[in-house]
Amino acid sequence: LVRRKSDFNLFIEKAISRISSVLRDNLSEALKKLKITSTDSTADSLEGCLDCLLQALAQNNTETSEKIQKSGVLQVFASLLTPQSSCTAKVANIIAEVARNEFMRNPCVDAGLIPPLVQLLNCKDQEVLLQTGRALGNICYDSHEGRNAVDHAGGAHIVVDHLRSLCSKTDPASEKLLTVFCGMLMNYSNENDTLQSQLINMGVIPTLVKLLGIHCQNAALTEMCLVAFGNLAELESSKEQFAYTNIAEELVKLFKKQIEHDKKEMIFEVLAPLAENDVIKLQLVEAGLVECLLEIVQKTVDSDKEDDIAELKTASDLMVLLLLGDESMQKLFEGGKGSVFQRVLSWIPSNSHQLQLAGALAIANFARNDGNCIHMVDNGIVQKLMDLLDRHVEDGNVTVQHAALSALRNLAIPVVNKAKMLSAGVAEAVLKFLRSEMPPVQFKLLGTLRMLIDAQACFSSTCLKKVTTFLLCCWLRHHVAEAAEQLGKNVKLVERLVEWCEAKDHAGVMGESNRLLSALIRHSKSKDVIRTIVQSGGIKHLVTMATSEHVIMQNEALVALALIAALELVTAEKDLENAQLVQILHRLLSDDRSAPEIKYNSMVLICALIGSEPLQKEVQSMAFLEVISKLRSHENKTVAQQASLTEQRLAVES
């Protein structure tokens, strides 16, 4: 039995070898004949030669393509691509097969095949159009030269016109042609912003969206539309066009039908870039995408399958993205009573890191207006976030830490939330992450602490007309001041801030550290806090902060330095002198570009500094009177008035 099997295998091998030999001989003969008969396209042997080439390509595409290239027949094909010839479709088919090989695409361009192929796009014969579309699409695939040649020949315009005219036809032949043309445009524009913009300007997007709606039952055409959308959706100009179509409705409708992971993934890849547009975000929410995403989360949350884990991540990430739009976010919040909001809350105590992350980021997005923040704090969200942070203190998930701190920072912005959050122990919970070496966590930690003690945006003057509101404001300011003093006397915190003030590789962390250092002084107005900061070496950083390119940071630094000079000048005197504060103030006052508030606070600080003998000598040595006298005529009245007062003070001291 074994012998018979061996004999049979040998027979098959010999048969294949004989067939291959015949095909090679036939191919060589066909290539020779093509050169001879190319001048007479009506020759009987022409069609047989082309059939032979197609058979050889089907047998071994790469080897056959190499022989076609070496034979010089590519140049012959250019003359055979005529609408009148009965062989045109076969020639285009051969070119399409040859161009499947990367090494053959440039030779096809060099052989001058693109112009006659593009001319064939005007043909009425569906088979010719089909094979021509395939040939052009394959030549364009990952080929800069191929795309340029098709662009110069005007091929894209003709294909877009075909898509428009064929769009509503649902017969198999038309759908096959539509699929090929979509594929051709996809290859033509892939990873090429210029060509993508060109297609967008031609108005291809509404046509593709219409195609998706009409041919949603055709899997191949649908898939090609999705890939084309994925190519185009990255450009901002495309999102504006998509927003005027019913793309959201069509994609959600298509998504609901999908069972296979790969198909869902394709739709996700289109949804993600489109959902960056606020108008489309709202359209997707109204089309029911959120319900689909929540359903996916529910089905995959406990699964350990690789596909399910990937789907859970994609669905929850997209959910967070939808909440970045103000209108879509408010629609889903529904005054804090929406089912979507409630479902998102349930993600935070989940055992899935992905859902914990998405839940915290979703809360951070919901917390983008004061009303939402106040509602969430009143309903216990702070404790949920602190519990989440507690689970990630030791060797925790950095992305979850960052997201939870982001949510707490946003929640701390409304002034009425600050006291409640401080009473709940948020500052203590946040300080547990002082040891973190991860800049994103450091940045959010600093921002959260600064927001908790920032009482500047207390209440508007109209609100202060009510005595109860005024008293509440005073109480809140007092509560926040106490917290600022407590934090400012925390040596470990202040030393860490001073260390981070030098984090030149992480501008965000460095900036937030400086701002928090300043805020501790400004909001506590405490001598103990100032002494702690002086002893920790923080003065030089506040002086450097006064030279920031950001006016708000300059101003915060100057106010903090003025408080230091007013409350603890003797303690800080040496550090202020070493940091060359007086020279910096002279520069700020002399610079015409300095904002009015910078000039005003610089003069207030000068008046405070002359209480120190060494600093006063520096002020006198730098001819401040000349600079300040010019400011008496400043267009800002407050600056002008302060200049007069400062001039008088300097004159007396001199």
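How do the residues of the lining of the largest cavity divide into nonpolar, polar and charged? They comprise eight nonpolar, two polar and no charged residues, where Ala, Val, Leu, Ile, Met, Phe, Trp, Tyr, Cys and Pro count as nonpolar, Asp, Glu, Lys and Arg as charged, and the others, Gly among them, as polar. The structure is a predicted model, in which local features need pLDDT of at least 70 and side-chain atom pairs count only at pLDDT 80 or more, while totals for chains, interfaces and linings use all residues. Residues are numbered from 1 along each chain as its sequence is written, and side-chain values use heavy atoms, with hydrogens and water left out.

One cavity of 30 Å³ or more is present in the structure. On a 1 Å grid over the protein atoms alone, a cavity is a set of points where a 1.4 Å probe fits but cannot get out, whereas a pocket is an open set with protein on both sides within 12 Å along at least five of seven lines; lining residues have an atom within 4 Å of a point. Grid points are joined across faces, edges and corners, and a volume is the space filled by probe spheres set on the points. The largest cavity contains about 60 Å³ of space. Its lining consists of Cys182, Leu185, Met186, Ser189, Leu199, Val204, Leu208, Ala228, Asn231 and Leu232. At least two lining residues come from each of α11 (172-189), α13 (204-214) and α14 (219-232), with α11 giving the largest share, four residues. Helices (H or I, at least four residues) are DSSP runs, numbered from the N terminus.

The largest pocket has a volume of about 280 Å³. Of the 13 residues that line this pocket, Cys501, Met510, Asn514, Thr544 and Met545 lie nearest its centre. Helices α32 (507-524) and α34 (539-545) each supply at least two residues of the lining, and the largest share, four residues, belongs to α32. The lining of the largest pocket divides into five nonpolar, six polar and two charged residues.

The second largest pocket holds about 210 Å³ of space. Its lining has four nonpolar, three polar and five charged residues; among them are Glu394, Asp395, Lys432, Arg435 and Glu437. Gln401 also lines this pocket and is one of the buried residues of α26.

Because 10 of its 14 residues are buried, α26 is largely enclosed by the rest of the structure. Buried here means under 20% relative accessible area (1.4 Å probe, protein chains only). The buried residues of α26 pack against α23 (353-366), α24 (370-378), α25 (381-390), α27 (415-423), α28 (426-431) and α29 (439-452).

Two individual positions were also examined. Valine 128, in helix α8 (residues 126-140), is buried, with a relative accessible area of 7%. Apart from neighbours within four places in sequence, valine 128 is in contact with Thr88, Ala89, Leu120 and Cys123, contact meaning heavy atoms within 4.5 Å. The C-alpha atoms of valine 128 and serine 86 are separated by 9.6 Å, although these residues are 42 residues apart along the chain. Asparagine 101 belongs to the loop between α5 (88-98) and α6 (102-110) and is buried, with a relative accessible area of 10%. Excluding residues up to four places away in sequence, asparagine 101 touches Asn61, Thr62 and Ser65.

Notes. Buried < 20%, exposed > 50% of the residue type's maximum accessible area, 1.4 Å probe, protein only.
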